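Please follow it with the sequence and the three-dimensional structure in view.

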Amino acid sequence: MFRCTISGLPIGGGAPVRLMGVINCSPESFYSGSYTPAAEVFSKACQMVEDGADIVDLGARSTAPGAPPISRDEETARMVQALSGLEGSGIPVSVDTMDPVVLEACLEYDVAAVNDISGLLNPEYAAIVSESGLPALLMASRRAVGDALTLEETHLALSMVETRAHAAGVTEYILDPAIGLWQNNRTLDLDWELCRNFRDFTTYMRPLLAAVSRKSFLGGLVGKAPAGRLAASLAMAALLVCNGADMIRTHDVADTRDAILVAERMKRDQ
């Protein structure tokens, strides 16, 4: 199993499951409870680390279908303000953006990783990632963000992501199978299928990110809005750890940490 390293922290290859805390500087986020104004990012990040986060993932625009768009300048301003508050903290930060201009602005600060849900679709962006030497979290995307509509298409998308990474010279990366409603024509049933077959993604011999926190397919089952999906998120996170996830991305660090510890103990004992 290939191992990736973020700020000296090994991910995958038998290392403990890592925890990524979500910090949204976007009031447009599908889960309003996750919004953190830039002035509060430092205290939020410190609390997440205290609760067990290994890295915090900073984003400044919502990527949910139907979310109101914001300008490149607005995304840049939000990211820069938040990163300025974290500068010198020593907290490993990944930046969640698809825009090469925004990414270049972020790289003026202390950044530990890049989170690209487009899976290096933009060659200019891919070149910046390669030149930075930073590890990347790359989501399954063929021609648009999260556009796979079946399990088979998801495998094709991941293969295409690997091809783009190789072509760009990005050698350290984590794969994300793209669980979630990234496109209007995707279904909740696909998310369940991706979760049921999560272990299949270990065949890529790369660390795997599971990002299911408070997502719509869980809400569709339990009949609750994002604010009421914590228990469902914890259950799914534990199941995915048992099926090969190396990193869990979550809005709820302390509770997810406990779920991961239980799942890892069960997995080890088996």
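Leu120 is buried, with a relative accessible area of 3%, where buried stands for under 20% relative accessible area, exposed for over 50% and partly exposed for what lies in between (1.4 Å probe, protein chains only). The residue is found in the loop between β6 and α4 (123–132), and although Leu120 is not a glycine, its phi is positive, at about 65°. The model is a predicted one, in which local features need pLDDT of at least 70 and side-chain atom pairs count only at pLDDT 80 or more, while totals for chains, interfaces and linings use all residues. Residues are numbered from 1 along each chain as its sequence is written, and side-chain values use heavy atoms, with hydrogens and water left out.

Arg214 also has a positive phi, near 60°, and is a residue other than glycine. Arg214 sits in the loop between β9 and α7 (216–222), and with a relative accessible area of 4% it is buried. The helices (H or I, at least four residues) and strands (E, at least two) named here are DSSP runs, numbered from the N terminus. Ile117 lies in the loop between β6 and α4 and counts as buried at 4% relative accessibility.

## The two sides of helix α6

Which residues of helix α6 are buried? In this helix, which spans residues 188–196, they are Leu190, Asp191, Leu194 and Cys195. Seen down the axis of α6, these buried residues fall within an arc of 140°, so they line one face of the helix; the arc is that of the directions from the helix axis to the C-beta atoms. An α-helix has 3.6 residues a turn, so residues three or four places apart point the same way.

On the other side of α6, Asp189 and Arg196 are exposed.

## Salt bridges

A salt bridge is taken here as a side-chain nitrogen of Lys or Arg within 4 Å of a carboxyl oxygen of Asp or Glu, and by this rule the count comes to eleven salt bridges. One of them joins Arg72 and Asp99, whose closest N and O atoms are 2.8 Å apart. This pair links distant parts of the chain, since Arg72 belongs to helix α2 and Asp99 to the loop between β5 (93–96) and α3, 27 residues apart. Arg72 is partly exposed, with a relative accessible area of 41%, whereas Asp99 counts as buried at 15% relative accessibility.

The side chains of Arg142 and Asp147 meet in a further salt bridge (3.7 Å, N to O), and both residues are buried. Arg206 and Glu162 also meet through their side chains in a salt bridge (3.9 Å, N to O). Because Arg206 lies in the loop between α6 and β9 (209–211) and Glu162 in helix α5 (residues 151–168), the pair ties together parts that are 44 residues apart in sequence. Arg206 is buried, and so is Glu162. Elsewhere, salt bridges that share partners join Glu28, Glu74 and Arg78 into one network. Glu74 has its place in helix α2 (residues 72–86) and, at 34% relative accessibility, counts as partly exposed. The C-alpha atoms of Glu74 and Arg61 are separated by 8.9 Å, the two residues being 13 residues apart along the chain.

## Surface charge and an exposed loop

Where does negative charge gather on the surface? Glu104, Glu108, Glu124 and Glu131 form a patch of this kind, for which the residues must have over 30% relative accessible area and no salt bridge, with like charges joined within 9 Å. Of these residues, Glu108 lies in the loop between α3 (100–106) and β6 (113–116) and is exposed, with a relative accessible area of 65%.

Ser32 lies in the loop between β3 (18–24) and α1 (41–51) and counts as exposed at 60% relative accessibility. Ser32 and Ala245 are 213 residues apart along the chain, and their C-alpha atoms are separated by 26 Å.

Key
Patch = residues over 30% accessible without salt bridge, like charges linked within 9 Å, V, L, I, M, F, W, Y side chains within 5 Å. Areas by Shrake-Rupley, 256 points an atom, 1.4 Å probe, with all protein chains shown as cover. Lys, Arg positive; Asp, Glu negative; His and termini not counted. Charge placed at Lys NZ, Arg CZ, Asp CG, Glu CD.
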